[in-house]
Amino acid sequence: MTTHVDSVDEPVSQQETLGQWPKLVAWCIVCLTFPLIWVGGLVTSTDAGMAVPDWPTTYGYNMFLYPWETWIFGPWDLFIEHGHRLLGSLVGMVTIVLMVMVLKRDQRSWMRKLVVFALVAVTAQGILGGVRVIQNEVLLAMVHGCTGPLFFALTVVIATTYSRFWDAPLQTCKAGDNVLELLAKPLRLVTITTVLAYIQLILGASIRHIPVTASTQTFSMLVVFHLVMALAVTMHVVAVAWSVYKRKELAPAIRRPAFGLVAVVILQVGLGVGTWVVKYGWPLGLSETQLAADYVVETYSMTQAHITTAHVAIGSLLLIFCVVITTRLRRLQYVARKLAAMAIQS
């Protein structure tokens, strides 16, 4: 079963009909959204969320006309908060460009709907961030932080549809007629892992934005749940990678991100430990050892801010690896089922 997908549901390859521009713009959005999440994390980590108290203006100025000298050379919290707004606006503008391209040139009805939804999503995300400023509401900040990775995932799905793998997923798969049976277990595992990874993001956001009035018991409970979920995600990531590793017939476009997922989760675990140390000190009595005895936690220090933010951003990246693998496996499954149905009819 190595028939090109063109014979199934798309008469001409998207790469041939649309050229490279939609693909480049889609990946541009992806490459802008990841630093946007990173900068958004820095806003929270440095407590800069209310550095600019008005929205959509910046201290009364049009956001895009705010004096650049004041922004660049001003206080850190103003620099990072205003920069977050500008970067978010840039992502929105590039999303508009992609939507116009797709509506004019892409004949896939579901893709046209998807890019419109992407524009609605990024607009809603921007409004949510603005309302958070106007209301000075921590809960909205947490929701804003949880919906950002969802938009990131959506941009990756859109970019994936402009890949060569999407046009011909079976050409690099050596499974023959057993492809559907081959996909069943890894697809089930990675789907569960994706859900667990997002739940873990929500738990992490709950800890970062926990109200100052919350009890010690509430904080401890959230930390325990976060640790348990971290173990569950790690075990599922290993299971996904092992399942894909055993199925050497699968395309490199699926195998590579599966192995990358393992590297990301190892990095994320290390950053999680580092985040705890820089925010709360050494755990399990290690602070009493000679090596760690002189360590002092510095609240809102640059070291603390960057390590904590890296933990947040890499958590989103872990989710993205899961989404990439899931999307490609689903595409492979869809095409294989279509070809199987056509074979039966013929």
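How many cavities of 30 Å³ or more does the structure hold? The structure holds 1 such cavity, where a cavity is a set of points, on a 1 Å grid over the protein atoms alone, at which a 1.4 Å probe fits but cannot get out. The model is predicted, and local features need pLDDT of at least 70, side-chain atom pairs count only at pLDDT 80 or more, and totals for chains, interfaces and linings use all residues. Residues are numbered from 1 along each chain as its sequence is written, and side-chain values use heavy atoms, with hydrogens and water left out.

The largest cavity contains about 40 Å³ of space, a volume being the space filled by probe spheres set on the grid points, which are joined across faces, edges and corners. Its lining (residues with an atom within 4 Å of a point) consists of Ala26, Ile29, Thr95, Leu98, Ala118, Phe151, Thr155 and Ile158. At least two lining residues come from each of helices H2 (21-45), H4 (76-105) and H6 (138-160); helices are DSSP runs (H or I, at least four residues) numbered from the N terminus. H6 gives the largest share, 3 residues. By residue class, the lining comprises 6 nonpolar and 2 polar residues, with no charged ones.

The cysteines form 0 disulfides, a disulfide being a pair of cysteine sulfur atoms within 2.5 Å. Cys31 is in no disulfide, and the nearest cysteine sulfur, that of Cys28, lies 7.0 Å away. Cys146, with a relative accessible area of 10%, is buried, the cut-off being under 20%.

Definitions and conventions:
1 Å grid on protein atoms, 1.4 Å probe; cavity = no way out; pocket = protein on both sides within 12 Å on 5 of 7 lines; lining within 4 Å. Nonpolar A, V, L, I, M, F, W, Y, C, P; charged D, E, K, R; others polar. Buried < 20%, exposed > 50% of the residue type's maximum accessible area, 1.4 Å probe, protein only.
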